[in-house]
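Here are a few notes to get you started with this one. Have a look at the sequence and the fold, then read on.

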Amino acid sequence: NNPDPSLEEIFEAAEKINFDDFHQAFSYQPERISPLDQKLCKHPRNDLGNARRLIARHGSGIKYISEQGWHGWTGQCWSLEKGDQIVHKAAQNTADCLRYEFYAVAANGPYEDEPPKKYEERLKAWHSFARNSGNKPRISAMVTEAQPHLECSPKALDRKPYVLNVQNGTLDLKAPDNGREDWDGITLENHNPEDLITKLAEADYDPAATCSRFRQFISEIQP
């Protein structure tokens with residue numbers, strides 16, 4: 001690729017093309033394009049290419065659990081209930097982001113020795129592909145092609161017996177001793193998708209909270 005087309009060259013090419021987005025696309029210089037867009041614009045312009053784009057942009061937050069369906073990361077836990085919605089929105093966002101990959105292709109300029117006509121045809125094909133990828137059949141196909149690459153066994157979920165997921169984090173109920181005199185064996189960690197937790201208690205953890213009723217019960221049965 002031509003690494004640094006001048007603005008004059010870019011706009012000379014743009015004048016030959018008359019459809020939406022091109023003026024903005026050609027105004028982008030390569031250094032303004034994100035590394036991710038530069039990488040993803042090299043993927044094929046087909047459903048499998050879009051599936052790879054979906055995985056690259058959102059793969060850390062969506063999983064297909066065998067015999068259950070799509071799960072999505074809510075920020076607190078993995079949710080089957082919200083899974084389809086989360087993966088659908090992720091695919092829509094991936095389609096929207098093709099605009100920026102198109103900008104990357106345009107900003108990179110023509111290939112070495114690529115005739116202007118071929119360059120124009122390639123950009124038109126890219127623009128058409130980016131636009132059509134937002135259509136329902138292409139969104140569905142993107143998700144379908146990504147599924148086998150994001151599959152996870154249900155046996156991998158909720159495998160840690162001594163953690164409790166609460167609203168403000170995940171409690172490790174068998175944390176290593178930190179040497180403090182008031183150590184109670186519990187630490188509060190940030191919610192982490194790698195823990196593969198699907199359960200969430202409705203309560204917050206408050207280390208300063210008391211449990212007067214429970215202590216009263218214990219004193220009654222163990223005087």
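1. First, a cut-off: a disulfide here is a pair of cysteine sulfur atoms within 2.5 Å. Keep in mind that this is a predicted model. With that cut-off, searching the whole structure turns up zero disulfides.

2. What about the cysteines themselves, say Cys41 and Cys152: buried or exposed? Cys41 has a relative accessible area of 10%, so it is buried, because buried means under 20%. Cys152 also counts as buried, at 14% relative accessibility.

3. Now the overall picture. The chain holds eight helices and seven strands, and 36% of its 223 residues count as buried. Among contacts with a separation of 6 or more, 63% are between residues 24 or more positions apart. As for the surface, the chain exposes about 13,900 Å², with carbon and sulfur atoms supplying 49% of that.

4. Take a look at helix H5, which runs over residues 83-108. From first C-alpha to last, its 26 residues reach 37 Å, close to the 38 Å expected. Still, H5 has a kink of about 25 degrees, centred on Arg99. Just after H5 comes Gly109, with a positive phi of about 80 degrees.

5. Last, which residue's side chain does Arg57 join through a polar contact? Arg57 sits in helix H4 (residues 47-58), and its side chain makes a polar contact of 2.6 Å with that of Asp37. Leaving aside residues up to four places away in sequence, Arg57 touches Leu36, Asp37, Leu40, Thr94, Cys97 and Glu101.

Technical notes
Residues numbered from 1 in each chain as written. Predicted model: local features only at pLDDT ≥ 70, side-chain atom pairs only at ≥ 80, totals over all residues. Heavy atoms only, no water. Buried < 20%, exposed > 50% of the residue type's maximum accessible area, 1.4 Å probe, protein only. Helix = DSSP H or I, 4+ residues; strand = E, 2+ residues; numbered from the N terminus. Expected span 1.5 Å × (residues − 1). Bend = angle between axes of the 7 residues up to and from the residue. Polar contact = N/O pair within 3.5 Å; in protein donor to acceptor, adjacent residues only side chain to side chain. Contact = heavy atoms within 4.5 Å. Areas by Shrake-Rupley, 256 points an atom, 1.4 Å probe, with all protein chains shown as cover.
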